[in-house]
Amino acid sequence: MNVNTLNALPWQDAMRWFSQTCAAEKWASMMTDKRPYCDVADIQNHGKAVWETMEKDDLLQAFAAHPMIGDINSLRSKYASTRALAAGEQSGTADADDATLYALKEKNEAYLARHGFIFIICASGLPATTMLQALENRLNNSTEEELNNAAAEQIKITCLRISKAINS
């Protein structure tokens, strides 16, 4: 899709398009309303500005749309509608050894239990060991700090998905 096509889409179709880049409904709605856009950078800049206005429930809604890092069953089934845009985001886990995958699963479950939402990281291009190290480093942070960390990672993911969707 190109920017002109996105700008010309009926509202519901544009909303669906933005929802594939970030599952926070309020964000997708606001992005749909802000059309027309000039180019990918314009969409991303608006996306970042709109993301800054999101509240905790919006953040949690976006986070909930992600599969848990390393959870293969979740990767295959959860939110299949974003599969094309999310392809490769966790490819670093594909070559991970069993011990690393097990540690990712174990630490992810501990993170979820501690913070109430899954660990969010912009995993594109990262090996599983780097994701695991980041998870271990962030696990004992306060939930407030992790909401901020996860929100920062979420907008990175969203911007990558926007770029991928417009340039594909």
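At what angle do helix H2 and H10 pack, and how many Å apart are their axes? This is a predicted model, and in it helix H2 (residues 11-21) meets H10 at an angle of about 125°, with 8 Å between the axes. So H2 counts as oblique to H10.

**Where H2 touches H10**
- H2 brings Trp17, Gln20 and Thr21 to the contact.
- From H10 come Gln154, Thr158, Arg161, Ile162, Ala165 and Ile166.
- Sorted by class, the residues of this contact are 4 nonpolar, 4 polar and 1 charged.

**The second largest pocket**
- Rolling a probe the size of a water molecule over the atoms shows where empty space is left.
- The second largest pocket holds about 160 Å³ of space.
- Helix H5 (56-64) and helix H10 (143-167) each give at least two residues to the lining of the second largest pocket, and H10 has the largest share with 6 residues.
- That lining is made up of 7 nonpolar, 1 polar and 3 charged residues.
- Among the lining residues are Trp51, Leu59, Ala151 and Ile155.

**Zooming in on Trp51**
- You'll find Trp51 in helix H4 (residues 40-51).
- Trp51 counts as buried because its relative accessibility is 5%, and the cut-off for buried is under 20%.
- Trp51 and Ile155 sit 104 residues apart in sequence, yet their C-alpha atoms are 7.1 Å apart in space.
- Setting aside neighbours within four places in sequence, Trp51 is in contact with several residues, including Cys22, Trp27, Leu59, Gln154 and Ile155.

How values were computed: Residues numbered from 1 in each chain as written. Predicted model: local features only at pLDDT ≥ 70, side-chain atom pairs only at ≥ 80, totals over all residues. Heavy atoms only, no water. 1 Å grid on protein atoms, 1.4 Å probe; cavity = no way out; pocket = protein on both sides within 12 Å on 5 of 7 lines; lining within 4 Å. Points joined across faces, edges and corners; volume = space filled by probe spheres on them. Helix = DSSP H or I, 4+ residues; strand = E, 2+ residues; numbered from the N terminus. Nonpolar A, V, L, I, M, F, W, Y, C, P; charged D, E, K, R; others polar. Buried < 20%, exposed > 50% of the residue type's maximum accessible area, 1.4 Å probe, protein only. Contact = heavy atoms within 4.5 Å. Axes fitted to C-alpha atoms, helices over the stretch in contact; angles between N-to-C directions. Parallel < 35°, antiparallel > 145°, perpendicular 65-115°, else oblique.
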